[in-house]
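Look over the model before reading on.

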Amino acid sequence: MSNFRIFKQVPRLLFGENSINRLAELVPAKKDPKDYYVFIIDDVHKDSNIVSRLNLTNADFIEYFPASKKEPATYQVDEIKERIMKEKGNQKPISIIGIGGGSSMDVAKAISVVLCNEGSSSLYQGWDLVPNPGIHKIGIPTVAGSGAEASRTAVLMGKDRKFGINSDFSMFDAIILDRTLIKNVPTNQRFHSGMDCYIHCVESLQGTMINELARGYASKALDLCELVFLADGDDDMLMTASYLGGVSIVNSEVGVCHALSYGLSLELGYRHGYANCIAFDVLEEYYGPYVEKFRKMLKKHNIVLPKGVTKSLDSAALNRMVEMTLRMERPLTNALGENWKQILTPDKILQLYARM
Ligand code: NAD
Ligand code: ZN
């Protein structure tokens, strides 16, 4: 019997310019005056024409998520859930719509889970720990690359670890891929998030857990990333790459870069895409030709990565980063095989961090 998961995908998808205007076709209809939707919207869009196109009503619960400050945490998800339940007299919403990057979409997924499952979101960080289906949910990316729109993961920072809720119930019921929503993303952010996709594809293609189906998605997404970041590929291609990269991860895994980047995010607060770029740049040993290509992309887009980022950290912080990395057992097994602990020793991890 194969170890691969049952391949669940987002069942409904709207693709194309201005497709956000058709959101009403994807949300369950309100039948009772008490029915409402929850919108989790990246606060960068607070006064934008994205919000004015949503037909928000007074009944809806709107949360502007401060994604630019830091990545989402379990306590934030728990706090938003409490506020929703208090304001709405414990009546649950009929749909949750997450609009933004991976951060805001992951918050939407996690809230959907905790509204139907007891206790803190931290209880569900791990693989297949969610007993009850969540609330209906829709994802609308406004920056491309994370693949959160397609994946079964909601990544959250906990007290001492960054970890995903990985469940079929943390997967969107519908998504909207509208390239007009990503056109104003600043160059650096576009690059960092886009490279998250590129790195997902490299790690999944180079890993041991991949199957032919995931390879199909990942290799197409990788081609599209190269067209976008080394040639003249457009935003439709970038959105498609992000989505396909996310789908591929459902049946494969990330690898060494993600394992190391979680440590950087934990101790230095670096954004996911940015942390991945810093880590990937020192991983020639594992992903040689892809690192070369990545450096060409950096050059073409005039992106300069910092050096010596771990210099200021004390040994306690570095040890926490090593521990965080060693917890990423699945990605490291995927990248290096069952004997990964003999290859990626704590010393080796420290050496890699020292080069960043
Ligand atoms: P993000 O959501 O963290 O946002 C990054 C920045 O881009 C923020 O400052 C945000 O305000 C800004 N932004 C978003 N849309 C914008 C727009 N249209 N114009 C201008 N600025 C805009 O970015 P991301 O790279 O999409 O996601 C990273 C997050 O996703 C991390 O928390 C990471 O852990 C998570 N992640 C999740 C998965 C998954 O499968 N669930 C996969 C990879 C990463
Ligand atoms: Zn990633």
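One salt bridge is found across the interface of domain 1 and domain 2; the term means a side-chain nitrogen of Lys or Arg within 4 Å of a carboxyl oxygen of Asp or Glu. The model is predicted: local features need pLDDT of at least 70, side-chain atom pairs count only at pLDDT 80 or more, and totals for chains, interfaces and linings use all residues. Residues are numbered from 1 along each chain as its sequence is written, and side-chain values use heavy atoms, with hydrogens and water left out.

**Domains**
- Domain 1 spans 12–181 and domain 2 spans 187–355, with bounds from an automatic or database domain assignment.
- Their C-alpha centres lie 25 Å apart.
- Domain 1 brings 29 residues to the contact and domain 2 brings 26; contact means heavy atoms within 4.5 Å.

**Interface**
- About 2300 Å² is buried between domain 1 and domain 2, and carbon and sulfur atoms give 62% of this area.
- Buried area is the accessible area (1.4 Å probe) that two parts lose on being put together, summed over both.
- In domain 1, Ala144, Lys162 and Arg179 lose the most area to domain 2, together 24% of what that side buries.
- Arg179 and Asp236 meet through their side chains in a salt bridge, at 2.6 Å from N to O.

**Cavity**
- The structure holds one cavity of 30 Å³ or more.
- A cavity is a set of points, on a 1 Å grid over the protein atoms alone, where a 1.4 Å probe fits but cannot get out; lining residues have an atom within 4 Å of a point.
- Val143, Ala144, Ile182, Val185, Arg190 and Leu238 line the largest cavity.

Notes
Chains lettered and ligands numbered in written order. 1 Å grid on protein atoms, 1.4 Å probe; cavity = no way out; pocket = protein on both sides within 12 Å on 5 of 7 lines; lining within 4 Å. Points joined across faces, edges and corners; volume = space filled by probe spheres on them.
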